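The plan is to start with the overall layout and then work down to single residues.

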Amino acid sequence: VTGSSGVAAAAGLYRYLRDFCGCHLSWSGAQLRLPDPLPRLRAEIRAAAPGRYRYYQNVCTQSYSFAWWDWARWEREIDWMALSGINLAPAFAGQEAVWQRVYRNLGLNQSEIDKYFTGPAFLAWNRMGNLRRWAGPLPPTWHVKQLYLQYRIVERMRSLGMTTVLPAFAGHVPQGILRVFPRVNATRLGHWSHFDCTYSCIYLLDPEDPMFQVIGTLFLKELIKEFGTDHVYSADTFNEMTPLSSDPAYLSRVSNAVFSSMTGADPKALWLMQGWLFQHQPDFWQPAQVRALLHGVPLGRMIVLDLFAESKPVYQWTESFYGQPFIWCMLHNFGGNHGLFGTVEAINHGPFAARRFPNSTMVGTGLVPEGIEQNDMVYELMNELGWRQEPLDLPSWVTRYAERRYGAPNAAAAGAWRLLLRSVYNCTGVCVNHNRSPLVRRPSLHMDTELWYNASDVYEAWRLLLSAGTELGSSPTFLYDLVDVTRQAAQQLVSDYYLSIRQAFQSHALPELLTAGGVLVYDLLPELDRLLSSHSLFLLGRWLESARAMATSEREAEQYELNARNQVTLWGPSGNILDYANKQLGGLVLDYYAVRWSLFVSVLVESLNSGRPFHQDQFNQAVFQVERGFIYNKKRYPAVPAGDTMEISRKLFLKYYP
């Protein structure tokens, strides 16, 4: 196999393994049983990607998925990236160590720096100017370990022919800068999300203040000296933050200042910017404002990631980003949530429509999930589409996918996948894959149980997969999918029991409330927890122990574990972005979600018994203590699975299959 780069050759190798040897590689496992002898090709096969770039990673992925990775996990990911044909990706580790050096050189003291950086699980939002201090400070050993990782990450990526994207200065500064340079022109941005100014409201330098160029160029020169460069840099000044003025001239000055601070260190600089802001705050970002921000940079020296193009493409209403090149991206996942989801028709046709758009400036495709290690099929499909000249026949593609994934043809498994493809994986219209199932949300009497698909298709896929277990039960990828589909079915069942609980309460039917609540709290949720605990990739302990493994002392281990627990639950000191990054993990279902549901049911029962009305505000105060209690419970959760996945799934099926 030969290619124009290491990545192209690796993509060619994977194509041979996939299409001729029936192999499969994904986050949840590999199926690499090679035929003997290896198949010979009758003639040479040539392939070229229609766009220059295949991009991967979201700024948030660094925190939702990569936060606790060691080198072994990084190496596996980079190899998967190469085999998937990805040739452009961020390398963001270790930047805080370089920033700390720059801040110290500028005259800040350590306590001022410590008040700025967040803890490790929240750095993505510190880097985008959203958040400061929360769950920090960063221990010195964190910097050392991250620098070591970054050296290896950039070396490995470049050795395979990938272009690394390095971080640049977006204009945000610690408050300490104002002490050292009292005449500097900096203004506080507003608060971010549901955080007040204790942990947000970061200072933004005025684009015309001389310190903007001093700090930006100083940082980038230091970074390039440390890691070398491929001349592509990332900066997001206004991610989910309203600019101080909507005046187009001001917005052009900001983008020009950011770009100038890049070229001050590297005259060949190319700015890669996430386009999330334009669709996130469309009332602010009208055509004049978008054009001004984009045209503050010479045409062709910026690449915009059309971040949510499968649901809310921006290129269509900005005349293809007013001439700046863009990458058509599939966002797909928010917060690293579990939950079967896809927009397969949108991604099968969207990139091709974008290329045909009048005066299109599209230069590639991208995968930009906030969190990974979920819904492998969607990412395999999107990676393949990055090399295609036209859409795929999806039902036949998914049939072959099932065969490759499990290493053998199986009619029941293929049937299950075709059902999932047409239902849960085929959300149409504006689809936001944020798991709002009552299972993973704080209980109330007004919960969302709407589905974009027919629930019976998932139940039938569950039945078909279980029936394939006799033949495919030894396949690790099959067992992963069995857990995932059973988990989805259980998630649907939780909604049904919730509706029964609500109906019983509103009808003052105490026996029915006790029955539905009892089944949910004392059987369905514990059984779901048992199922998740039977697979290594669905364990809370895996997430927590990987956090602890980054530490060099017990004190650090406790801090990192609190970071990891808080991110998947309260997301902030007081539930500021509660359950945004919800996960369905063995240990978390039993000790967090089930405990909340138990309290909810008992409060409703008490309300019917006493005749006093249910007050959501009072319940929220009580349940917050439960949620906070989980973060500080100090319980060590197993990082090794226990139980027989097939047996637990079958037991759930016999009990609950509708």
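Predicted model: local features only at pLDDT ≥ 70, side-chain atom pairs only at ≥ 80, totals over all residues.

**Layout.** I began with the domains: domain 1 covers 49–389, and domain 2 is made of 440–449 plus 477–656. Taken over C-alpha atoms, the centres of the two domains are 33 Å apart. Where they touch, I get 35 residues from domain 1 and 32 residues from domain 2.

**The interface.** How much area is buried between domain 1 and domain 2? I looked it up and got about 2,900 Å², with carbon and sulfur atoms giving 57% of that.

Next I went for charges. The count between domain 1 and domain 2 comes to 1 salt bridge. I also looked up the salt bridge of Arg542 with Glu373, where the closest N and O atoms are 3.3 Å apart.

I have 18 residue pairs in polar contact across the interface of domain 1 and domain 2, both residues being at pLDDT 80 or more.

Which elements give two or more residues to the side of domain 1 that touches domain 2? They are helix H2 (61–64) and helix H7 (140–159). H7 gives the largest share of that side, at 4 residues. Sorted by class, this side of domain 1 has 18 nonpolar, 13 polar and 4 charged residues.

**Aromatic pairs.** I ran the ring search too, and the count is 56 aromatic pairs. I picked out Tyr56 and Trp80: their ring centres are 5.4 Å apart with 70° between the planes, which makes the pair edge-to-face. Why does this pair tie together separate parts of the chain? Tyr56 is in strand E3 (residues 53–56) and Trp80 is in helix H3 (residues 71–83), so the pair links parts that are 24 residues apart in sequence.

I checked peptide bonds and wrote down a cis bond between Asp36 and Pro37, with omega about 5°.

Where does Pro137 lie? I found Pro137 in the loop between helix H6 (123–127) and H7.

My last stop was Phe321. Its phi is near 55°, a positive value in a residue other than glycine. I placed Phe321 in helix H13 (residues 319–322).

Terms used:
Residues numbered from 1 in each chain as written. Heavy atoms only, no water. Domains from an automatic or database assignment. Contact = heavy atoms within 4.5 Å. Buried area = accessible area lost by both parts, 1.4 Å probe. Salt bridge = Lys/Arg side-chain N within 4 Å of Asp/Glu carboxyl O. Polar contact = N/O pair within 3.5 Å; in protein donor to acceptor, adjacent residues only side chain to side chain. Nonpolar A, V, L, I, M, F, W, Y, C, P; charged D, E, K, R; others polar. Phe/Tyr/Trp six-rings, centres within 6.5 Å; stacked < 30°, edge-to-face > 60°.
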